[in-house]
Amino acid sequence: MHQLAHKAYTDVTSRTASDKHIEYAVFQQITDALKDVAAQDVPLPAVWVDAIDRNMQLWLTLSIDLLDQNNEMDPQLRIGLLTLAEMVRKLSYRVLAGEEELTDVIEINEMVMRGLSGDTGSQLSEVTQ
């Protein structure tokens, strides 16, 4: 599955310019898949699980990058995003278990997308506290 996340990232790379644009496009692609699944009354199980898994792989890839010693991102933002990644992982397992809906996962992704697009409000700190 890590290969699927990498492929999606590579596919988007060829169509966009900056790192933020690439990250935004990958989040958009995966979030759209989650929205499509959430909009269906009875989604196909394979499609439902694939959308959630792709999102989890995206967050795993992001976490690996955040933990890289060469990552120059502000340490507080890195900690916040790592905390958010762990929240997404736990929430995703609850969604897979039928205990939660996809809406919270979608909202987290959309919040990150707003940050990537320059809308940096205090939303990250609100979610991670």
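**Reading a helix pair and its salt bridges**

Guide: The crossing of helix 2 and helix 5 is left-handed. Left-handed means that the near helix is turned anticlockwise from the far one by less than a right angle; clockwise would be right-handed. Helices here are DSSP runs (H or I, at least four residues), numbered from the N terminus. This is a predicted model, where local features need pLDDT of at least 70, side-chain atom pairs count only at pLDDT 80 or more, and totals for chains, interfaces and linings use all residues. Residues are numbered from 1 along each chain as its sequence is written, and side-chain values use heavy atoms, with hydrogens and water left out.

Visitor: At what angle do helix 2 and helix 5 pack?

Guide: Two packed helices are described by the angle between their axes and the distance between the axes. Axes are lines fitted to C-alpha atoms over the stretch in contact, and angles run from 0 to 180 degrees between N-to-C directions. Helix 2 and helix 5 pack at about 155°, with axes 9 Å apart. They are therefore roughly antiparallel, a label for angles over 145 degrees.

Visitor: Which residues of helix 2 and helix 5 meet?

Guide: Contact means heavy atoms within 4.5 Å. Helix 2 brings residues including Tyr24, Phe27, Leu34 and Lys35. Among those from helix 5 are Ile106, Glu110 and Met113. The residues of this contact divide into 9 nonpolar, 3 polar and 4 charged. Ala, Val, Leu, Ile, Met, Phe, Trp, Tyr, Cys and Pro count as nonpolar; Asp, Glu, Lys and Arg as charged; the others, Gly among them, as polar.

Visitor: How many salt bridges are there?

Guide: A salt bridge is a side-chain nitrogen of Lys or Arg within 4 Å of a carboxyl oxygen of Asp or Glu. The count comes to 4. Lys35 pairs with Glu110, the closest N and O atoms being 2.7 Å apart. Lys35 lies in helix 2 (residues 19–39) and Glu110 in helix 5 (residues 103–116), so the pair ties together parts that are 75 residues apart in sequence.

Visitor: Which residues are linked in a network of salt bridges?

Guide: Glu86, Arg89 and Lys90. Glu86 and Lys90 come to 4.0 Å, N to O. They sit 4 residues apart in helix 4 (residues 75–96), separated by about one helical turn.

Definitions and conventions
Helices (H or I, at least four residues) and strands (E, at least two) are DSSP runs, numbered from the N terminus. Angles under 35 degrees count as roughly parallel, over 145 as roughly antiparallel, 65 to 115 as roughly perpendicular and the rest as oblique.
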